[in-house]
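Reader: I want to learn to read contacts, packing and strand pairing from a model. Can we work through one together?

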2 protein chains.
Amino acid sequence: MTDAAAHPAVALDDIVHQRVRLGILVMLAEIPECAFATLRDELRLTNGNLNRHVQVLADAGLVTVTKGYQSNRPRTWLKLTRDGRRALHAELHALAQLTTRISTADLSDDEQT
Amino acid sequence: MTDAAAHPAVALDDIVHQRVRLGILVMLAEIPECAFATLRDELRLTNGNLNRHVQVLADAGLVTVTKGYQSNRPRTWLKLTRDGRRALHAELHALAQLTTRISTADLSDDEQT
(Lines give C-alpha, C1' and ligand atoms only; values in the text may rest on other atoms or scores of the structure.)
Protein backbone atom coordinates (compact mmCIF):
# COMPACT_ATOMS: atom_id res chain seq x y z
CA MET A 1 0.00 0.00 0.00
CA THR A 2 1.45 3.35 -0.99
CA ASP A 3 1.41 6.38 1.25
CA ALA A 4 -0.97 8.04 -1.18
CA ALA A 5 -3.63 5.56 -0.04
CA ALA A 6 -3.19 6.37 3.66
CA HIS A 7 -6.25 7.44 5.61
CA PRO A 8 -6.28 11.20 6.38
CA ALA A 9 -6.00 10.37 10.10
CA VAL A 10 -2.40 9.35 9.36
CA ALA A 11 -1.67 12.98 8.44
CA LEU A 12 -2.59 14.26 11.90
CA ASP A 13 0.45 15.24 13.98
CA ASP A 14 0.23 14.25 17.65
CA ILE A 15 2.20 17.31 18.76
CA VAL A 16 -0.45 19.61 17.31
CA HIS A 17 -3.52 17.38 17.46
CA GLN A 18 -3.45 16.57 21.18
CA ARG A 19 -6.51 18.19 22.76
CA VAL A 20 -4.83 20.67 25.11
CA ARG A 21 -2.09 21.64 22.65
CA LEU A 22 -4.62 22.19 19.86
CA GLY A 23 -6.52 24.46 22.25
CA ILE A 24 -3.36 26.43 23.03
CA LEU A 25 -2.48 26.87 19.35
CA VAL A 26 -6.01 27.95 18.43
CA MET A 27 -6.04 30.49 21.28
CA LEU A 28 -2.67 31.86 20.16
CA ALA A 29 -4.03 32.23 16.63
CA GLU A 30 -6.88 34.28 18.12
CA ILE A 31 -4.79 36.28 20.63
CA PRO A 32 -1.40 37.14 19.09
CA GLU A 33 0.39 37.51 22.44
CA CYS A 34 -1.42 35.70 25.19
CA ALA A 35 -0.73 35.59 28.94
CA PHE A 36 -0.08 32.18 30.48
CA ALA A 37 -2.84 32.81 33.04
CA THR A 38 -5.39 33.57 30.31
CA LEU A 39 -4.66 30.30 28.53
CA ARG A 40 -4.77 28.40 31.83
CA ASP A 41 -8.16 29.85 32.78
CA GLU A 42 -9.85 29.61 29.37
CA LEU A 43 -8.63 26.06 28.81
CA ARG A 44 -9.46 25.00 32.40
CA LEU A 45 -5.95 23.77 33.14
CA THR A 46 -3.64 23.73 36.12
CA ASN A 47 -0.31 25.58 35.94
CA GLY A 48 1.51 22.24 35.82
CA ASN A 49 -0.57 20.79 33.03
CA LEU A 50 -0.33 23.93 30.88
CA ASN A 51 3.42 24.15 31.56
CA ARG A 52 3.96 20.60 30.36
CA HIS A 53 2.13 21.15 27.10
CA VAL A 54 3.75 24.56 26.48
CA GLN A 55 7.13 22.88 26.89
CA VAL A 56 6.27 20.31 24.19
CA LEU A 57 5.17 23.11 21.83
CA ALA A 58 8.25 25.25 22.60
CA ASP A 59 10.58 22.26 22.08
CA ALA A 60 8.95 21.71 18.68
CA GLY A 61 9.50 25.40 17.84
CA LEU A 62 5.78 26.11 17.55
CA VAL A 63 5.51 28.75 20.31
CA THR A 64 7.82 31.21 22.02
CA VAL A 65 7.73 31.89 25.74
CA THR A 66 8.55 35.37 27.07
CA LYS A 67 8.92 36.06 30.78
CA GLY A 68 8.60 39.57 32.16
CA TYR A 69 6.84 41.75 34.69
CA GLN A 70 3.50 43.51 34.73
CA SER A 71 2.74 45.80 37.71
CA ASN A 72 5.80 44.33 39.48
CA ARG A 73 4.42 40.79 39.21
CA PRO A 74 6.11 38.12 37.11
CA ARG A 75 4.16 37.27 33.98
CA THR A 76 4.62 34.84 31.12
CA TRP A 77 3.44 35.47 27.57
CA LEU A 78 3.13 33.01 24.74
CA LYS A 79 3.23 33.61 21.02
CA LEU A 80 2.79 31.42 17.96
CA THR A 81 5.90 31.16 15.77
CA ARG A 82 5.73 31.05 11.99
CA ASP A 83 6.24 27.25 12.20
CA GLY A 84 3.42 27.08 14.75
CA ARG A 85 1.14 28.92 12.37
CA ARG A 86 2.06 26.51 9.57
CA ALA A 87 1.57 23.47 11.82
CA LEU A 88 -1.86 24.69 12.89
CA HIS A 89 -2.78 25.33 9.27
CA ALA A 90 -1.71 21.76 8.36
CA GLU A 91 -3.75 20.36 11.26
CA LEU A 92 -6.87 22.25 10.16
CA HIS A 93 -6.34 20.98 6.62
CA ALA A 94 -5.96 17.37 7.82
CA LEU A 95 -9.07 17.70 10.01
CA ALA A 96 -11.05 19.04 7.08
CA GLN A 97 -9.91 16.08 4.94
CA LEU A 98 -10.97 13.73 7.72
CA THR A 99 -14.34 15.21 8.50
CA THR A 100 -15.47 15.61 4.91
CA ARG A 101 -15.23 11.81 4.57
CA ILE A 102 -18.29 11.43 6.72
CA SER A 103 -21.46 13.38 6.31
CA THR A 104 -23.67 14.27 9.24
CA ALA A 105 -26.24 11.89 7.75
CA ASP A 106 -23.88 8.98 8.44
CA LEU A 107 -24.06 9.82 12.12
CA SER A 108 -27.81 10.13 12.35
CA ASP A 109 -29.37 8.58 15.45
CA ASP A 110 -32.13 7.10 13.34
CA GLU A 111 -29.89 4.38 12.00
CA GLN A 112 -30.06 0.97 13.60
CA THR A 113 -26.75 0.15 15.27
CA MET B 1 -15.67 32.05 35.15
CA THR B 2 -18.72 30.03 34.17
CA ASP B 3 -18.61 26.95 31.97
CA ALA B 4 -20.46 28.89 29.29
CA ALA B 5 -17.29 30.92 28.81
CA ALA B 6 -15.07 27.87 28.34
CA HIS B 7 -13.00 27.64 25.19
CA PRO B 8 -14.36 25.08 22.68
CA ALA B 9 -11.17 23.02 23.16
CA VAL B 10 -12.54 22.15 26.60
CA ALA B 11 -15.44 20.33 24.90
CA LEU B 12 -13.12 17.89 23.13
CA ASP B 13 -13.16 14.40 24.67
CA ASP B 14 -9.74 12.72 24.85
CA ILE B 15 -11.25 9.27 24.31
CA VAL B 16 -12.61 10.34 20.93
CA HIS B 17 -10.17 13.11 19.99
CA GLN B 18 -6.93 11.11 20.29
CA ARG B 19 -5.45 10.82 16.77
CA VAL B 20 -5.60 7.05 16.30
CA ARG B 21 -9.01 6.64 17.95
CA LEU B 22 -10.49 9.47 15.88
CA GLY B 23 -9.18 7.67 12.79
CA ILE B 24 -10.81 4.40 13.90
CA LEU B 25 -14.17 6.06 14.56
CA VAL B 26 -14.14 7.92 11.24
CA MET B 27 -13.31 4.70 9.37
CA LEU B 28 -16.13 2.86 11.15
CA ALA B 29 -18.51 5.64 10.15
CA GLU B 30 -17.43 5.06 6.55
CA ILE B 31 -17.34 1.23 6.66
CA PRO B 32 -20.21 -0.05 8.82
CA GLU B 33 -18.52 -3.35 9.71
CA CYS B 34 -14.79 -3.16 9.27
CA ALA B 35 -12.13 -5.86 9.58
CA PHE B 36 -9.38 -5.30 12.16
CA ALA B 37 -6.75 -5.84 9.45
CA THR B 38 -8.29 -3.17 7.22
CA LEU B 39 -8.19 -0.59 10.02
CA ARG B 40 -4.62 -1.60 10.89
CA ASP B 41 -3.41 -1.21 7.29
CA GLU B 42 -5.28 1.99 6.41
CA LEU B 43 -4.27 3.69 9.66
CA ARG B 44 -0.66 2.41 9.41
CA LEU B 45 -0.73 0.76 12.85
CA THR B 46 0.71 -2.35 14.41
CA ASN B 47 -1.64 -5.03 15.78
CA GLY B 48 -0.63 -4.07 19.32
CA ASN B 49 -1.22 -0.36 18.86
CA LEU B 50 -4.61 -0.86 17.22
CA ASN B 51 -5.59 -3.40 19.87
CA ARG B 52 -4.80 -0.95 22.65
CA HIS B 53 -6.92 1.82 21.15
CA VAL B 54 -9.80 -0.53 20.26
CA GLN B 55 -9.83 -1.64 23.91
CA VAL B 56 -10.21 1.97 25.08
CA LEU B 57 -13.10 2.51 22.64
CA ALA B 58 -14.78 -0.80 23.56
CA ASP B 59 -14.45 -0.04 27.30
CA ALA B 60 -16.16 3.30 26.66
CA GLY B 61 -18.96 1.51 24.78
CA LEU B 62 -18.19 3.27 21.51
CA VAL B 63 -17.38 0.19 19.40
CA THR B 64 -18.23 -3.51 19.47
CA VAL B 65 -15.71 -6.23 18.67
CA THR B 66 -16.85 -9.47 16.97
CA LYS B 67 -14.54 -12.42 16.54
CA GLY B 68 -15.21 -15.09 13.95
CA TYR B 69 -13.81 -16.99 11.01
CA GLN B 70 -13.49 -16.21 7.32
CA SER B 71 -12.15 -19.00 5.05
CA ASN B 72 -11.15 -20.94 8.19
CA ARG B 73 -8.97 -18.06 9.38
CA PRO B 74 -9.78 -16.14 12.56
CA ARG B 75 -10.98 -12.62 11.86
CA THR B 76 -12.06 -9.67 13.99
CA TRP B 77 -14.66 -7.13 12.96
CA LEU B 78 -15.38 -3.77 14.52
CA LYS B 79 -18.55 -1.79 14.50
CA LEU B 80 -19.57 1.64 15.77
CA THR B 81 -22.25 1.56 18.49
CA ARG B 82 -25.02 4.12 18.72
CA ASP B 83 -23.04 5.82 21.51
CA GLY B 84 -19.96 5.76 19.29
CA ARG B 85 -21.91 7.48 16.54
CA ARG B 86 -23.10 10.13 19.00
CA ALA B 87 -19.59 10.64 20.40
CA LEU B 88 -18.15 11.10 16.92
CA HIS B 89 -20.91 13.56 16.09
CA ALA B 90 -20.12 15.54 19.26
CA GLU B 91 -16.41 15.54 18.38
CA LEU B 92 -17.09 16.86 14.87
CA HIS B 93 -19.31 19.56 16.36
CA ALA B 94 -16.62 20.57 18.87
CA LEU B 95 -13.98 20.62 16.11
CA ALA B 96 -16.20 22.83 13.96
CA GLN B 97 -16.67 25.23 16.91
CA LEU B 98 -12.92 25.30 17.40
CA THR B 99 -11.87 25.78 13.81
CA THR B 100 -14.40 28.46 12.95
CA ARG B 101 -12.74 30.66 15.59
CA ILE B 102 -9.75 31.11 13.34
CA SER B 103 -9.93 31.99 9.71
CA THR B 104 -7.36 30.78 7.23
CA ALA B 105 -6.30 34.42 6.89
CA ASP B 106 -5.10 34.35 10.52
CA LEU B 107 -2.66 31.62 9.58
CA SER B 108 -1.27 33.28 6.48
CA ASP B 109 2.49 32.98 6.06
CA ASP B 110 2.70 36.64 5.08
CA GLU B 111 2.27 37.80 8.63
CA GLN B 112 5.36 38.75 10.59
CA THR B 113 5.87 36.37 13.52
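This is a predicted model: local features need pLDDT of at least 70, side-chain atom pairs count only at pLDDT 80 or more; totals for chains, interfaces and linings use all residues.

Reader: Where is the place of A:Trp77 in chain A?

Author: A:Trp77 sits in strand S3 of chain A, residues 73–80.

Reader: Does A:Trp77 count as buried or exposed, and why?

Author: Buried means under 20% relative accessible area. A:Trp77 has 19% relative accessibility, so it counts as buried.

Reader: How many residues apart in sequence are A:Trp77 and A:Pro32, and what is their C-alpha to C-alpha separation in space?

Author: They are 45 residues apart in sequence. In space, their C-alpha atoms are 9.9 Å apart.

Reader: Turn to chain B. In what order do the strands of its open sheet run?

Author: Start with the general idea. Strands of a sheet pair through backbone hydrogen bonds, either parallel or antiparallel. Here 3 strands of chain B form an open sheet, in the order S1-S3-S2, with antiparallel pairing. Strands S1 (33–35) and S2 (63–70) are the edges, each pairing on one side only. On average, neighbouring strands are turned by 30 degrees against each other, direction ignored.

Reader: Over how many bridges do S1(B) and S3(B) pair?

Author: They pair over 3 bridges, in the antiparallel sense. Within S3(B), B:Trp77 stands opposite B:Ala35.

Reader: What packs on the sheet?

Author: H2(B) does, touching S1, S2 and S3 of chain B. The direction of H2(B) makes about 90 degrees with that of S3(B).

Reader: At roughly what angle do the axes of H2 and H4 of chain B cross?

Author: Roughly 75 degrees, with the axes of H2 (residues 19–30) and H4 (residues 47–59) coming within 10 Å. The two helices are therefore roughly perpendicular to each other. From H2(B), B:Val20, B:Arg21, B:Ile24 and B:Leu25 meet B:Leu50, B:His53, B:Val54, B:Val56 and B:Leu57 of H4(B). By class, that contact has 7 nonpolar, 1 polar and 1 charged residues.

Reader: Which residues have the most contacts inside the largest nonpolar core?

Author: A:Ile24, A:Leu39, B:Ile24 and B:Leu39 do, in a core of 60 residues. Take B:Ile24. Leaving out residues up to four places away in sequence, B:Ile24 touches B:Leu39, B:Leu43, B:Leu50, B:His53, B:Val54 and B:Leu57.

Note on methods:
Residues are numbered from 1 along each chain as its sequence is written. Chains are lettered from A and ligands numbered from 1 in the order in which they are written. Side-chain values use heavy atoms; hydrogens and water are left out. A nonpolar core is a set of buried Ala, Val, Leu, Ile, Met, Phe, Trp, Tyr and Cys residues joined through side-chain atoms within 4.5 Å. Buried means under 20% relative accessible area, exposed over 50%, partly exposed in between (1.4 Å probe, protein chains only). Contact means heavy atoms within 4.5 Å. Helices (H or I, at least four residues) and strands (E, at least two) are DSSP runs, numbered from the N terminus. Axes are lines fitted to C-alpha atoms, for helices over the stretch in contact, and angles run from 0 to 180 degrees between N-to-C directions. Angles under 35 degrees count as roughly parallel, over 145 as roughly antiparallel, 65 to 115 as roughly perpendicular and the rest as oblique. Ala, Val, Leu, Ile, Met, Phe, Trp, Tyr, Cys and Pro count as nonpolar, Asp, Glu, Lys and Arg as charged, and the others, Gly among them, as polar. Two strands pair if DSSP finds at least two bridges between them.
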